[in-house]
Every structure is written in C-alpha cells, then in structure tokens.
Amino acid sequence: MAADLVAFDDVLATYDPALGLEVHVELNTSTKMFCGCPAVFGGEPNAQVCPTCLGLPGAMPVVNRKAVESAIRIGLALNCSIAEWCRFARKNYFYPDMPKNFQTSQYDEPIAFDGWMDVEVDGGVVRVEIERAHMEEDTGKSLHVGGATGRIHGADYSLVDYNRAGIPLIEIVTRPIQGAGARAPEIARAYVAQLRDLIVALGVSEARMDQGNLRADVNLSLAPKGSDRLGTRTETKNVNSFRSVERAVRYEMQRHAAVLGTGATILQETRHWHEDTGVTTSGREKSDADDYRYFPEPDLVPVAPSREWVDELRGTLPENPTVKRTRLQADWGFTDLEMRDTVGAGAFGLVEATVAEGCPPQAARKWWLTELARRANESGVDIADLGVSPAQVAAVQALVDDGTVNDKLARQVFDGLLAGEGTPEEIVAARGLAIVSDEGALGAAVDAAIAANPDVAQKIRDGKHAAAGALIGAVMKEMRGQADAGRVRELVLERLA
Ligand SMILES: [Zn+2]
C-alpha cells in the first residue's frame, strides 16, 4: 500500500536528508569463503555443499586467500587503511537459509576502514566517506512456493538451496552523507554506479545487480533543516538497479516527511523496494548490533596481511577513476556534456569496453545512450544488464562502417541480438537486412522513382537539388530501407544532371 507522500521540493524546505549506503559485493572466487565448494552460479540445488558450509558439527572452516586478496584490493581502491590484524566474528541470528544459525562476518575489526571515494555528480565531485569494508559469507536462498507474492506469507511451503551459503561477500559501508539536499537521490545513484565501475575494473566480481552479485541497501533519515543531528533511519534492502537506488531514496524522503509531518515518529526498520509500483513497504524492525551477540569466531585464525603483501596488491590497482576519465575524454574527443551524460547513464565502462573492441568512440556513445538506453529503460533494467555486450555493439557498428547495414537497419540487428538470434552477421543474413549494393537494382529503383515523379525530376534538372529528398525517400521506401541513401542521392543527381 502506498503511503501519503510530501512533494519532493517541500521535503527540502523543511528537512535535510542523510544518506547511507551498504553495498554487498559477491566475489568471483572459484571456491567459497571458508570451504572448497565451488562458488559458481546456477548449479543443481544443494549440489555445491559440504559439512563446513552446511555447518555440520566438527567441520572446520579455512579462510579463502583469494577472497582476502580481493577484499584488500577493494579496500585500497577505496582509499581505506588495511588492518594489520583482524578477526572474523559470529553474528548470531536464525534464518532457515543459514544452516549454521550464525553468519561468519567481521564486527569491530574490519579488514578495511576509513576510506573515501570521489563521486562525480552533474560535473561536480562529492566525496563519500567509507566507514568500512568487511568480509563475510552469503546465506543460502529460500524459495517460497504458492501464494501470490513469492514471499513467505501466503506460501504453501518453502524450499531452501544452500549452494549460495558461504560464497564470499564484501560489505562496503559509507558514513552518513549529509548536506546533499536535493541531490541526495542522484548522489546515491552515482555512488553505486561508480562503485560498480570500480569493482568491474578490479575484476573481483561479476558485479551484475540483476543477478544479485552487487546489492545495495539504502539508509535514509531526515533531520530538521539546519540541525546536525541524524534522524531515525530506515534501511531499504536489496535495491537492484541504479535507477531504483535513486527512486528509493526519493520515495523514502517523501514518505519520511509525510510521517514526520503528522507528528508521528519514524520506525527504525528494514523496508522492501517494489520495482513495479515504485514504493517501499515495511520489512522487519531493525535489530541493534547487541541483538546479534557478536563474538570472535573461535574456529578461524586472525587475518594478518603483511605490509609487503598489501604493497604488492596496491601495485595491481586499476588507474585512478578520475584520472582515467580525464584521459579517456581526451582520447575519445567527447565534450564535457557528452562525458557527463555517458557517466550519468552508467555507460562509461560500457563505452570504454566497446571502444576497446574497435568501435569508434562517438558511435559507441550513440548506441549505448540512445538505442540501448531506451530499450533498457523500457525493460526496467540498467543498460549493463540489458543482455547486449560491448563486443556485439562493436560488431554492429563494424557492419555499419563497412556499408552492410545503415543505422536504421542496425536497430533491427539489436532486436535480433536481444531475441537471442545469434551474432550480428547471422542476424543480418537470417533477417535479410543487408543493404542492396547491386547497382543494377538500385538504378532500376531510381529510374522508377524519376518516372513516377516527373515534376520533382524537372525541379532537380532545373538545379533545385534540395528536391532530391523526395526521390531518395521514394527509392528507400521501395527498397524497404535497405539502400545506402548517399549512393541513391548520387544516382539521382547523375541521372538528372
Ligand atoms: Zn562447502
């Protein structure tokens, strides 16, 4: 049920929002965090389990070195300090999809802490402070069968799959972001988008939001304008696209203001985001840390990365994102506005990868920001999750560049790609999309158009070349768009010279 909302501008007249983001990144290690089970997606349910990740008595966990390495690299890329010594902790709570009845996480000793990331928003830079990045393990998955919503309420029965239990996660937590005002929704979106780019550049996760490799929880609170204290916050869980992050912040600001406006107080709770209706609904009351009865994990030795190892990992970091943007903007010849739009659309990494596949930068930008952005928007997914790869975009542009198709036909190639009809070349062949380059066929169509439009033809003979458009249009229609308009124009002018 949708709550009453206060208009966005009215919220800002009365309150200052404070944002906080918790992002879980599922690492792409080949095995789980504390055992040797495969950590790959999509196996038969409960096929990738062992006594350790099922929490059977006597099983002993061992830390995955690769996961620690990824955690340190993420921490360093976020300008964090890396702990010289830190421990895991048991976070005790009961969930049916968590067989140990505790999650092995980190509590007061995270592997990385006190960092920051400079986030570009609308051409300006906002520094987001990172409180911590800590290591933990994922839970299993419950599937609630029967009932309309797929949630446990109203279900006939539930199934549980432990394949995901024990997959390494890094949780990255920001400090409260205050003073954002009306830009709070955009900053939240830009932070998650830029963080995803960073994770992709580090190569530590598939980082697909639609598959849950990267999950954002959005904390939001309102305080009376000018006050520096923080209001009571809500935590909206598992928001699974950049666009939804922005919408969820906006919605919660408007809802909080409505609740506070009636004189009521905000309940500290988790909330669920509903993509279809664009609202949040109440989840569970949020526990305080002491409810989890954290204590140091007795079965694992502390993690004490040597400074030599940390320095070595520092040497493997990708180029600083801000420096890289400046460099690529110059390489690509983009204007500030073109660059801002590219970044804002979450397409920076996609354009970069498409150019790396040999596509001219302006063509890469054009396809991602127009045709593909529109389709992603229609499907309600981020463009990165649309299902078209940078290599495919480069392949489509190569077909345009070699004259096989024009821009209009290329759009139909994208239709074919999204429908899973094969490679761009196969789609062109199967759908018969190639431009007619047979001069005889083109010439015949031009002659027919001239014969059918004698008045237009006479104008062109009289030197009014602008009139050629009508004949070109007639030819293109006859050829069902499958002609090179430039060549048709040449033929028209040749014949009427
Ligand atoms: Zn296992």
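User: Which residues in α11 meet which residues in α12?

Analyst: From α11, Q412, V413, G416 and L417 meet P424, I427, V428 and R431 of α12. Contact here means C-beta atoms, placed from the backbone, within 7 Å. This is a predicted model, in which local features need pLDDT of at least 70 and side-chain atom pairs count only at pLDDT 80 or more, while totals for chains, interfaces and linings use all residues. Residues are numbered from 1 along each chain as its sequence is written.

User: Why are α11 and α12 called roughly perpendicular?

Analyst: Their packing angle is about 110 degrees, with the axes 9 Å apart. The axes are lines fitted to C-alpha atoms, for helices over the stretch in contact, and angles run from 0 to 180 degrees between N-to-C directions. Under 35 degrees is roughly parallel, over 145 roughly antiparallel, 65 to 115 roughly perpendicular, and the rest oblique. α11 and α12 are therefore roughly perpendicular.

User: How do the residues of that α11 and α12 contact divide by class?

Analyst: Five are nonpolar, two polar and one charged. Ala, Val, Leu, Ile, Met, Phe, Trp, Tyr, Cys and Pro count as nonpolar; Asp, Glu, Lys and Arg as charged; the others, Gly among them, as polar.

User: Why are α15 and α16 called oblique?

Analyst: Helix α15 (residues 468-478) packs on α16 at about 125 degrees, with the axes 10 Å apart. α15 and α16 are therefore oblique to each other.

User: What makes up the contact of α15 with α16?

Analyst: A468, L471, I472, V475 and M476 come from α15, and A485, V488, R489, V492 and L493 from α16. By class, nine are nonpolar, none polar and one charged.

User: Why are α13 and α16 oblique to each other?

Analyst: Helix α13 (residues 439-452) meets helix α16 (residues 485-495) at about 55 degrees, with axes 10 Å apart. They are therefore oblique. This crossing is right-handed. L442, G443, V446 and I450 of α13 contact R487, V488, L491, V492 and R495 of α16. The classes are six nonpolar, one polar and two charged.

User: What makes β4 and β15 edge strands?

Analyst: Each pairs on one side only: β4 (102-105) and β15 (295-296). The open sheet has three strands in the order β4-β3-β15, with antiparallel pairing. Pairing requires at least two DSSP bridges between two strands. Strand β3 (residues 89-92) and β15 have two bridges. A89 stands opposite P296 in β15.

User: Where do the domain bounds fall?

Analyst: Domain 1 is 8-312, domain 2 is 319-431 and domain 3 is 439-495. The bounds come from an automatic or database domain assignment. The C-alpha centres of domain 1 and domain 2 lie 30 Å apart.

User: How many residues of domain 1 and domain 2 are in contact?

Analyst: 15 residues of domain 1 contact twelve of domain 2. On the domain 1 side, β5 (112-121), α3 (184-202) and α4 (242-261) give two or more residues. α3 gives the most, with five. That side of domain 1 has five nonpolar, three polar and seven charged residues.

Note on methods. Helices (H or I, at least four residues) and strands (E, at least two) are DSSP runs, numbered from the N terminus. A crossing is left-handed if the near helix is turned anticlockwise from the far one by less than a right angle, and right-handed if clockwise. Two residues are in contact if their C-beta atoms, placed from the backbone, lie within 7 Å.
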